Amino acid sequence: MNINKGQGSFAFGHAPSLIASHPNMAAYLSRLHHISLHVLNAEKIANDLVSKFKFNLFAARLTDTSRQLALRKGAAVFVVNERPDRRGLNEVRNAPASYPHRILVGKHAGGHQSRCLYDISPSSSVDTVSNVCFEVEDVERSFDALRDLGCNFLVPPTTVEDGNGRVTYSVLKSVVGNVCHTLIDRTNYKGAFLPGFDVLQKDCSLGEDDKSCPITHFDHITYACPRQTTQQVMRWYEHLFGFQRFFIDSNEDVDEGFVINQEGIGLRLTAMEYWKCSKAGITLPSLNKKEPDCKFVIAESLPEQGRNQVDTFLEKHRAPGIQHIGLYTKDIVSTSQIMAEAGVQFFSPPFAYYTEVGKQHEIEEAGHNPQILAQHGILLDTNLHQESSPQSRENRRYLLQVFTKPIFAEDTFFLELIERRGATGFGEGNIRALWRSVQAHMENEKLDYKEAGSPEAAAQTVQ
Ligand SMILES: O=C(O)C(=O)Cc1ccc(O)cc1
Ligand SMILES: [Fe+2]
């Protein structure tokens with residue numbers, strides 16, 4: 001049966017869903033499963049994630065035509081996919097139009113090899129982080145419901161199986177640039193990761209690195225979006241995935257979002273969260289564990305203050321997309337220390353940030369040492385809208401953040417470490433400080449670029 005009604009790219013066999021799809025129901029997302037990267041040199045990026053960011057390479061899928069590496073730190077899982085070289089080297093043909101509905105992997109797999117399991121092979125010409133994969137209760141049901149709502153599917157429900165069971169997935173295109181979402185159901189799978197992947201390391205044993213680098217999960221994913229698209233993006237996620245608005249600041253305007261538009265900073269931030277809202281209809285036991293949620297932040301640049309880091313991302317990435325990901329750590333000082341020693345480069349605000357009387361006091365009040373924070377470029381922001389009295393000092397809510405320099409050759413995607421001490425939003429002061437340090441970096445980049453005379457040479461400088 002061909003149920004391709006002009007939205008998906010494939011004709012495929014489809015077993016009718018037993019559960020009638022509800023026309024107004026969004027997908028039933030239960031948890032974030034992994035985030036995938038598409039890079040020219042998967043080994044290099046995976047190596048960086050292991051040696052610098054202390055992720056564990058725990059599963060791999062290596063075939064003649066594909067290289068997919070899975071890395072984990074706490075509940076944060078990245079899948080690094082090798083994308084084809086557009087210059088024609090290692091070029092592998094795309095999956096055939098008659099995409100199989102069922103894929104067998106492992107010993108009895110026969111000849112079939114899909115280049116990028118659980119994802120599409122993007123045609124991006126730059127390294128990119130482009131897929132946020134969610135576990136869902138029922139892929140076919142979500143597919144039916146979302147397709148009815150006009151969602152564009154790139155891979156129809158497809159089942160992959162090996163000796164440990166089966167997994168069904170489907171890939172859809174989001175409304176943000178090259179961002180896709182894989183919806184996956186792995187309730188019928190007993191293996192450690194996904195069919196097709198060889199598990200390299202069953203026990204991610206707690207080594208020294210893990211104790212001093214206690215990253216537990218993805219805290220937030222920030223999209224860089226073109227001007228005046230925030231509303232459209234929010235509506236899409238609300239309508240299709242049931243995301244709900246998360247107010248970054250108590251004074252934030254419902255329509256305008258959280259706006260900083262002065263002193264050279266022109267930024268509109270709007271945030272959404274997903275797990276609370278998708279609880280209706282979910283029966284997965286994993287939900288009861290109350291896993292921490294991951295927020296989605298939409299960043300839009302405002303025209304009045306000149307060119308900025310969101311504009312730079314859009315230009316260098318050549319599309320809207322994931323600009324950075326916040327990794328939650330229980331101890332930002334030790335985590336950034338270990339990572340810096342391993343070669344991670346962080347942005348630092350000007351030293352004056354830490355010596356300014358108000359900030360110094362704020363840092364000390366929170367029980368931190370300004371000099372130690374300064375060593376690593378860690379920013380601290382206290383929630384100013386809380387009711388605080390001297391007695392409630394230990395109840396003071398604040399957050400600590402530090403931002404890495406871009407991790408790919410292009411000046412695009414970066415990582416962030418975040419430690420939350422009761423503060424759930426994003427600190428305005430931190431955003432301002434980050435903004436200034438990134439802006440200074442961009443100015444340097446321009447100089448380096450001019451001096452080096454070539455894009456490749458300039459790209460080396462951000463490594
Ligand atoms: O503060 C954060 O961590 C954010 O995620 C907000 C943000 C978004 C985009 C930027 O270019 C800078 C800061
Ligand atoms: Fe962030």
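**Close-up 1. The pairing of strands S7 and S8 in the predicted model.** In this predicted model, Glu161 has Arg166 of strand S8 as its bridge partner. Strand S7 covers residues 153-162 and strand S8 covers residues 165-173. The two strands run in the antiparallel sense, and seven bridges join them. Strands of a sheet pair through backbone hydrogen bonds, in either a parallel or an antiparallel manner.

**Close-up 2. The open sheet of 10 strands.** S7 and S8 belong to an open sheet whose order is S5-S7-S8-S9-S6-S1-S4-S3-S2-S10. The pairing within this sheet is mixed. Strand S5 (102-104) and strand S10 (198-199) stand at the edges, and each has a single partner strand, so one side of each is left without a neighbour in the sheet.

Close-up 3. The chain is divided into domain 1, comprising 29-84 and 110-199, and domain 2, comprising 215-278, 291-386 and 394-450. Taken over C-alpha atoms, the centres of the two domains are separated by 26 Å. In domain 1, 30 residues are in contact with 37 residues of domain 2. On the side of domain 1 that touches domain 2, the elements giving two or more residues are strand S1 (29-39), helix H1 (42-51) and strand S6 (128-136). S1 provides the largest share of this side, namely six residues. By class, the residues on this side of domain 1 comprise 16 nonpolar, eight polar and six charged.

Close-up 4. Is each face of strand S17 covered or uncovered? Both faces of this strand, residues 379-382, are covered. Leu379 and Asp381 lie on one side, Leu380 and Thr382 lie on the other, and all four are buried. S17 pairs with strand S18 (residues 398-403) in the antiparallel sense over four bridges. The buried residue Asp381 has Leu399 of S18 as its bridge partner.

Close-up 5. Which residues come nearest to ligand 1? Of the 13 residues around this ligand, the nearest are Thr222, Ala299, Gln309, Phe426 and Ile431. Strand S15 (295-301), helix H6 (309-317) and helix H11 (428-452) are the elements that give two or more residues to the shell. Helix H11 gives the most, with three residues. Sorted by class, the shell contains seven nonpolar residues, five polar residues and one charged residue.

Definitions and conventions
Residues are numbered from 1 along each chain as its sequence is written. Chains are lettered from A and ligands numbered from 1 in the order in which they are written. This is a predicted model: local features need pLDDT of at least 70, side-chain atom pairs count only at pLDDT 80 or more; totals for chains, interfaces and linings use all residues. A residue is near a molecule or strand if its C-beta atom, placed from the backbone, lies within 6 Å of it. Ala, Val, Leu, Ile, Met, Phe, Trp, Tyr, Cys and Pro count as nonpolar, Asp, Glu, Lys and Arg as charged, and the others, Gly among them, as polar. A residue is buried if 20 or more other C-beta atoms lie within 10 Å of its own, exposed if 12 or fewer, and partly exposed in between; C-beta atoms are placed from the backbone. Two strands pair if DSSP finds at least two bridges between them. Domain bounds come from an automatic or database domain assignment. Two residues are in contact if their C-beta atoms, placed from the backbone, lie within 7 Å.
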